[in-house]
Amino acid sequence: MNRIIAEFARTCALATFALMLGLQHAAAQLPDTENGVGSTGAQVLQMTTGSRAGALSGAYTAAQNDADVIFYNPAGVASLSGGASLSYGKFVQDIALMSAAGAVKLGSATLAFGGSFLDEGTIDETIPDPAFGGQRGVTTGKTVSSSESAVRLGLGVPFAGGRARVGIAGGLASTTLAGATRSAPLFDAGAQFSVTSALSLGASVRNLGSRLSGTTADASSRMPSEVRVGAAFQTTKVSGVGVQISADFIDRLNEGTTGFAAGIEAGLMPGLARFGAVARVGYAADPGDTGLGALRLGAGFSIAHIAVDYTYQNLDFFGATHRVGVRFATSR
């Protein structure tokens, strides 16, 4: 059995490494003028999704027992026999991010669904004023709205007594601005391996797909494809008090940039105790980031299999943002 586990882990590692090299080579062939921060579209795919994951700054590649892991690594859903989640985050200028996920066991596999919606608000429509040669604008009395959405359907399968997990997911991302819609299919794949009961490793490729395109003549945008490699370590005493540390390294293929996200969760951990109460701190470092909102603070409370989460993020002069959510999960 140990030989099977070792061979499976080696195969997953080699496959992930080969895929990373291939994707990095493909990204390197793109013109340099298209690389860099902000050179990809579908902002909804670049935001941290989920209530608990949000407080941990999205360091969720090695996460288990949460339906929201479908947004980061489809292999993680294989740890669930059932689960569901809802979250809502309020940002500046009426911008809001909502997400929902669910997972159900189907034989030896787990089927999962994840959807996120970014409401970017509305503004007054302004057109060039011919009375001033188009050098000034005039409002029409109408409003223009903008939104983005992404849906995924994934399947996770456990191996080696549940210590190893692989998963795939496919879906669609779309953006709508002033009635014009652009969309593109997306594909995710990932693997996880539990080295011990306390340490888990994970790797995934996310948001692979063609350019966002539509029926209008607007320029298309590349998908925010990325490779993630992460780890999660948890230690818990018999009393239920414990600490979990998670971290992800992120390679954004189409931008040619890298990032880092980490989170710490400490308190009365759910699982061993019927009641749970934890505090969370998350930090994200991205290229070109000014430090705006890099730190997140959060808390979670749980009763049996149900948890309620809250995340606070300070965007400096843009003000504070808040995210709340509820989760339900049963593990294998």
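Guide: Asn-207 is buried, with a relative accessible area of 0%; buried means under 20% relative accessible area, exposed over 50%, and partly exposed in between (1.4 Å probe, protein chains only). Asn-207 belongs to strand S7, residues 199-208, where strands (E, at least two residues) and helices (H or I, at least four) are DSSP runs numbered from the N terminus. This is a predicted model, in which local features need pLDDT of at least 70 and side-chain atom pairs count only at pLDDT 80 or more, while totals for chains, interfaces and linings use all residues. Residues are numbered from 1 along each chain as its sequence is written, and side-chain values use heavy atoms, with hydrogens and water left out.

Visitor: What is the phi of Asn-207?

Guide: Most residues other than glycine have a negative phi. Asn-207 has a positive value, near 60°. Ser-57, also not a glycine, has a positive phi of about 60°. Ser-57 sits in the loop between helix H2 (51-55) and S1, and is buried at 4% relative accessibility.

Visitor: Where in the chain is confidence lowest, and where is it highest?

Guide: pLDDT is the predictor's confidence in each residue, from 0 to 100. Confidence is lowest in helix H1 (residues 2-28), with a mean of 41, and highest in S7, with 97. Across residues 1-33 the pLDDT is below 50, and this stretch has 24 contacts in the model beyond near neighbours in sequence; a contact means heavy atoms within 4.5 Å. For the chain, the mean is 84, and 80% of the residues reach 70 or more.

Visitor: Which residues touch the most other members of the largest nonpolar core?

Guide: In soluble globular proteins, nonpolar side chains tend to be buried together. A nonpolar core is a set of buried Ala, Val, Leu, Ile, Met, Phe, Trp, Tyr and Cys residues joined through side-chain atoms within 4.5 Å. The largest one has 16 residues, and Tyr-60 and Ile-70 touch the most other members. A second, separate core has 13 residues, including Met-47, Phe-91, Leu-212 and Met-223. Leaving aside residues up to four places away in sequence, the residues that Ile-70 touches include Val-77, Phe-113, Arg-152 and Asp-188.

Visitor: How are Arg-152 and Asp-188 joined?

Guide: Their side chains form a salt bridge, at 2.5 Å from N to O; the term denotes a side-chain nitrogen of Lys or Arg within 4 Å of a carboxyl oxygen of Asp or Glu. The pair links distant parts of the chain, with Arg-152 in strand S4 (residues 137-159) and Asp-188 in strand S6 (residues 180-194), 36 residues apart. Arg-152 is buried at 3%, and Asp-188 is buried at 1%.

Visitor: How many salt bridges are there by this rule, and which residues are linked in a network?

Guide: The count comes to 10. The network links Arg-52, Asp-66, Glu-265, Arg-280, Asp-309 and Arg-327. Within it, Arg-52 pairs with Glu-265, their closest N and O atoms being 2.9 Å apart. This pair links distant parts of the chain, helix H2 and strand S11 (residues 257-268), 213 residues apart. Arg-52 is buried at 8% relative accessibility, as is Glu-265 at 4%. Asp-309 forms a salt bridge with Arg-327, with closest N and O atoms 2.6 Å apart. Asp-309 is in strand S14 and Arg-327 in strand S15, so the pair ties together parts 18 residues apart in sequence.
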